[in-house]
There are 2 protein chains.
Amino acid sequence: MKPLTKHKPPSPDTLDALVRIVGAEHAIRDEEAMAPYLVEWRDRYRGKAALVLKPGDTGEVSAILKCANANRTAIVPQGGNTGLVGGQIPFESGHEVLVLLERLNRVRDIDLATSTMTVEAGLPLAQAQHVAASAGRLFPLSLASEGSAQIGGVLATNAGGMAVLAYGSARELALGLEVVLPDGQVWDGLKSLRKDNSGYDLKDLIIGSEGTLGIITAAVLRLFPKIAERVTCMAGLNALETAPAFFARAVERASAALTAFEIMPRVGLEFVLRHGNLSRDPFPSPHPWYVLFELTSPREGAELAELAESLLSQGVETGEIADAVVASSLAQSAALWRLRELMSEVQKEEGGSIKHDVAVPVARVPEFVARANRLVELMIPGARPLPFGHLGDGNIHYNVSQPPGMERAVFLANWEALNAAVHEIVLDLGGSISAEHGIGRLKRDLMPHAKQPLELDMMRKIKAAFDPNFILNPGKLL
Amino acid sequence: MKPLTKHKPPSPDTLDALVRIVGAEHAIRDEEAMAPYLVEWRDRYRGKAALVLKPGDTGEVSAILKCANANRTAIVPQGGNTGLVGGQIPFESGHEVLVLLERLNRVRDIDLATSTMTVEAGLPLAQAQHVAASAGRLFPLSLASEGSAQIGGVLATNAGGMAVLAYGSARELALGLEVVLPDGQVWDGLKSLRKDNSGYDLKDLIIGSEGTLGIITAAVLRLFPKIAERVTCMAGLNALETAPAFFARAVERASAALTAFEIMPRVGLEFVLRHGNLSRDPFPSPHPWYVLFELTSPREGAELAELAESLLSQGVETGEIADAVVASSLAQSAALWRLRELMSEVQKEEGGSIKHDVAVPVARVPEFVARANRLVELMIPGARPLPFGHLGDGNIHYNVSQPPGMERAVFLANWEALNAAVHEIVLDLGGSISAEHGIGRLKRDLMPHAKQPLELDMMRKIKAAFDPNFILNPGKLL
């Protein structure tokens, strides 16, 4: 699929004009100073830029895009540079200009009666959570990278995370946006309305468009009641096949109180026990699969522990689960969560890992994992599949660690072939090749395979309508 | 704003070709037989059609649009004909062809583990609710017109209703769509994924586009646990000003268990008491405002009654509410809801009524009502404002009944002027001129006033990209 692009290398005059917009102290032209912004944090991509700009407000972002559009200069917006698919890194040409949103980091408004806050794109996610908590509310979006990830990037990529089950992805957490369009016009869509049926849903079109349709400069975010009571539980399962039924039971019994439902395979727990400092197995004997789930309530006295005990008893009775533990203290709860949170990083200790971020309908997760595991065994005998993640959303991080002793590079040479074969299964099961990380650069070339031609056609028509000169993040997503 | 249209009167050959697609027994050419489909149910619009077609499956809808697109024939899709803004009624030219979805009414699939059902566009909403209930689940969307309204229309207009507070509008309840595009291509977007970050959000663009971008033929809908416990409460308030604080308290205490939060003014209750058979005032003395709210839980033993009592006590202590009743039986609960449900129809008994379906941020509802009431008193002294609706969503049905004794037609002559003035206040408060009914024909001419030029420009570009011949529901919404 040919990228939509017709940008030119920026002339010295254009670069000077761009620098003047933000002021020399907020522009970086020195290669060394630019470097940290030009490398993806897992070092999968290293790009070049003609210039790095740090605009100080929406007006400056607007002026930058107006100038870039007039001069056919490509612009790459970047938030906290925590993206996992390379969407935030310029290509190697050195013809693109990187725009950082970090100086747009104000909290513009908090409205407790409407339960919203209006914040700028450069505010780090963890700070947004903190602002909400200081006001006695919860902003539930939570990611491993929340210390660095910024609200603008989180919305541009429709980030997911741990709390999607109860609160939805980033898209569902934003009621309104302020967006600078590719020609520099500013769309003030900062509505704080739960209901607005006045025309096409432009907000949701921009969210998840990965900086290809406009640059988000501010957003109205939804706030929720703070959590007063929390129960964390872990269950051992004899087989993944019973997990969807136990999940359905948990939803039925706990409904909105069920705020997380994660799965982990035994091999993942073993990696954590081997490499995660101080982690210990919560169960006396091993189980092939584990479920980690959490019940929360904004009010005390919700008797979540009783609910959890009853749910777990039912699960054992029906054979959906084999054994269970309930955290009886904050420390125990944190220890259980640590098992899950370490699941990504401990894989490094076991050599190379080939990764997938996919979703299938919840009911089909066991079928997906069984088929993908068979495939791995056929393609790379001895490789160790480590499928884990958000079962409640059908979102599985299907990771595969190398066979012990194999050379890392030899194993990793299978990356694209394994991706292709796993994605084929995902698509056959009605799934998505990117559940929460987006498409960016990493999966762009998979789009013609993963999407119907008319879906791509619709997306490309929308891109052309919004950004006819293709200056915004060209070659990403589409 | 000039409508986007370039359709032609259909030739006899085109009409014959269209009839052949569905078969003569599913086409109506007789004016009398067409009549019921050509009048809006409140008789605000009466249109004409060259032909009415009842396709039997997605393939026939596709063939109709392919033919219509090739011949520049305008197509108006219609569901249950319950829309409130005339979007489903053809214009008076008689050049348009009406397409009814009623024969696409199958339930294609129910997936309990994934908590979804796949149904066709013509299935009435009440039947969809029934299908879910028969499977032990809840499909929460609920509207006054649910017996006739069809899933396709409900999604095309992003319908709201009583349960938006807890479950969201139609958009949030659909995970995937099957859509016939204006050129007849069928988009199979029937995903049942909670998370899918693979490109632009086409689903949400189609939902709420009022049949101007494509015809929805099927959808994957989310299911929720059935409700096991329910408590209905009504509170009397001394002033509307305290309602947002009491709402915030209710959210804080009950969170997702708060599934409805409605307001009604005293005059509305008086109308109901006067004209609603058997209705009686639940309170010993009158209050200027009332709140009707409901707590629900999917599990028994959630102690909602205790929660409600405690919440109401706090409300009385803080002065947010003056008095309260808790329904202690299903019959009492139904009687309280009847007060709210009759609020629309009893207005007819009091003469003419000028209506608005608007939303403002929750915190600004009292300010909106105060300003609008002052305006009404200035413009039409003696007229009786009856603002009621979904306070929890900021969605107020700002209705105004005529002054007693005034001639109905004289009062109604103020419709457009009052609309314009009320909408001005709504927009000043960051609100929407259509919270849940949509734009259709009724509010199309208000769009240039209500939207920023660049919003309209983006919408018109999207329309042109999807439907370059402007054959789908021309002159509606845009």
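Visitor: Is A:K203 buried or exposed, and at what relative accessibility?
Guide: This is a predicted model, in which local features need pLDDT of at least 70, side-chain atom pairs count only at pLDDT 80 or more, and totals for chains, interfaces and linings use all residues. Residues are numbered from 1 along each chain as its sequence is written, chains are lettered from A and ligands numbered from 1 in the order in which they are written, and side-chain values use heavy atoms, leaving out hydrogens and water. Buried means under 20% relative accessible area, exposed over 50%, and partly exposed in between (1.4 Å probe, protein chains only). A:K203 therefore counts as buried, at 15%.

Visitor: Which residue meets the side chain of A:K203 in a salt bridge?
Guide: A salt bridge is a side-chain nitrogen of Lys or Arg within 4 Å of a carboxyl oxygen of Asp or Glu. Here the N to O distance is 2.6 Å.

Visitor: Why does the salt bridge of A:R171 and B:D201 join two chains?
Guide: Their side chains meet at 3.1 Å, N to O. Helices (H or I, at least four residues) and strands (E, at least two) are DSSP runs, numbered from the N terminus. A:R171 lies in helix α7 (residues 170-173) of chain A, and B:D201 in the loop between β9 (186-189) and α8 (202-206) of chain B, so the pair joins two chains.

Visitor: Which residue forms a salt bridge with A:E262?
Guide: The closest N and O atoms are 2.7 Å apart. A:E262 is in strand β13 (residues 258-265) of chain A, and its partner is in helix α12 (residues 330-341) of chain A, 78 residues apart. Both are buried. The partner is A:R340.

Visitor: Which side chain has a polar contact with the side chain of B:T259?
Guide: B:T259 is in strand β13 (residues 258-265) of chain B. At 7% relative accessibility, B:T259 counts as buried. A polar contact is a pair of N or O atoms within 3.5 Å; within protein, one must be able to donate a hydrogen and the other to accept it, and residues adjacent in sequence count only if both atoms are side-chain atoms. At 3.3 Å, the partner is B:T296.
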